[in-house]
Amino acid sequence: VVVLFTEGRPDPGAAPPWLLCLWAASGAGSFMYITLCIWLAMHASICSHSFCVRMLTQVVRLPIPTKEQLDAARVLATDFEGTKVREMLRVPVVNQQLKKLHSMVDHLNDDQSAVTHVGSDGSDVWEETMLDADGHPVATDTLAHVRLYRKMQANWQAYDAYARVSMAMGTNQFLQQLGYTCLIGFITE
């Protein structure tokens, strides 16, 4: 837009004044709409980040373990002294990961026909679902923090929507100004 107003600006005497007015109005409109789009998008981004931080720090908090849970998780030095050298020098989580991997492979071999979805390219697509305490799947839209987040979205969705509309209008005005520039170029030459 700046180049069109400086280097690419048409000569005032060569083109009709009404066409120059349309050219200038389209350029100014494009600049205003794109500036409005940037302002609305920045405001939506700041609102969404501040509400997400508020939700994560005030509503959805990480569980703090109790003293009994901490005591159960620690290992005493006397427990370490009574172990074998092979157990002392093992890599910490390899055995658990291998057991988990073997159980997953066995589970996949047993349930090969239980594929939930097939992707567009024919590959198997597995969905990770949340389970409740009894092992039943839970719909994510029923979780409290998801419902709260959807309520908070109302605070910035309007800014986001109007930023997209302003971007579309600004692009439309810019392309219209380019059309007027081409028209002025054809008329003057």
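The protein exposes about 15100 Å², and carbon and sulfur atoms supply 63% of that area. Keep in mind that this is a predicted model. Buried residues come to 15% of the 189 residues in the protein.

**Overall layout**
- Going along the sequence, the pattern reads α-α-α-α-α-α-β-β-β-β-α-α.
- Among contacts in the protein with a separation of 6 or more, 62% are between residues 24 or more positions apart.

**H2 against H8**
- Helix H2 covers residues 17–59 and helix H8 covers residues 157–188.
- Their axes sit 7 Å apart, and the two helices pack at an angle of about 160 degrees.
- Angles over 145 degrees count as roughly antiparallel, so H2 and H8 are roughly antiparallel to each other.
- As for handedness, H2 passes H8 in a left-handed crossing.
- The residues of this H2 contact with H8 split into 23 nonpolar, 11 polar and 1 charged.

**A closer look at Gln173**
- Gln173 is a residue of helix H8.
- With a relative accessible area of 16%, Gln173 falls under the 20% cut-off and therefore counts as buried.
- Setting aside neighbours within four places in sequence, Gln173 is in contact with Ala25, Ser26, Gly29, Ser30 and Tyr33.

**H2 against H7**
- H2 also pairs up with helix H7, which runs over residues 144–152.
- Here the axes come within 11 Å and cross at roughly 150 degrees.
- That angle is again over the 145 degree cut-off, so H2 and H7 are roughly antiparallel to each other too.
- The handedness is another matter: H2 passes H7 in a right-handed crossing, whereas H2 passes H8 in a left-handed one.
- On the H2 side, the contact is made by Phe51, Cys52, Met55 and Val59.
- On the H7 side, His145, Leu148, Tyr149 and Met152 make the contact.
- Sorted by class, the contact of H2 with H7 has 7 nonpolar residues, 1 polar residue and no charged ones.

**To recap the H2 pairings**
- With H8, the angle is about 160 degrees and the axes are 7 Å apart.
- With H7, the angle is roughly 150 degrees and the axes come within 11 Å.

Methods
Residues are numbered from 1 along each chain as its sequence is written. This is a predicted model: local features need pLDDT of at least 70, side-chain atom pairs count only at pLDDT 80 or more; totals for chains, interfaces and linings use all residues. Side-chain values use heavy atoms; hydrogens and water are left out. Axes are lines fitted to C-alpha atoms, for helices over the stretch in contact, and angles run from 0 to 180 degrees between N-to-C directions. Helices (H or I, at least four residues) and strands (E, at least two) are DSSP runs, numbered from the N terminus. Angles under 35 degrees count as roughly parallel, over 145 as roughly antiparallel, 65 to 115 as roughly perpendicular and the rest as oblique. A crossing is left-handed if the near helix is turned anticlockwise from the far one by less than a right angle, and right-handed if clockwise. Ala, Val, Leu, Ile, Met, Phe, Trp, Tyr, Cys and Pro count as nonpolar, Asp, Glu, Lys and Arg as charged, and the others, Gly among them, as polar. Buried means under 20% relative accessible area, exposed over 50%, partly exposed in between (1.4 Å probe, protein chains only). Contact means heavy atoms within 4.5 Å. Accessible areas come from the Shrake-Rupley method with a 1.4 Å probe; for residues, only the protein chains shown count as cover.
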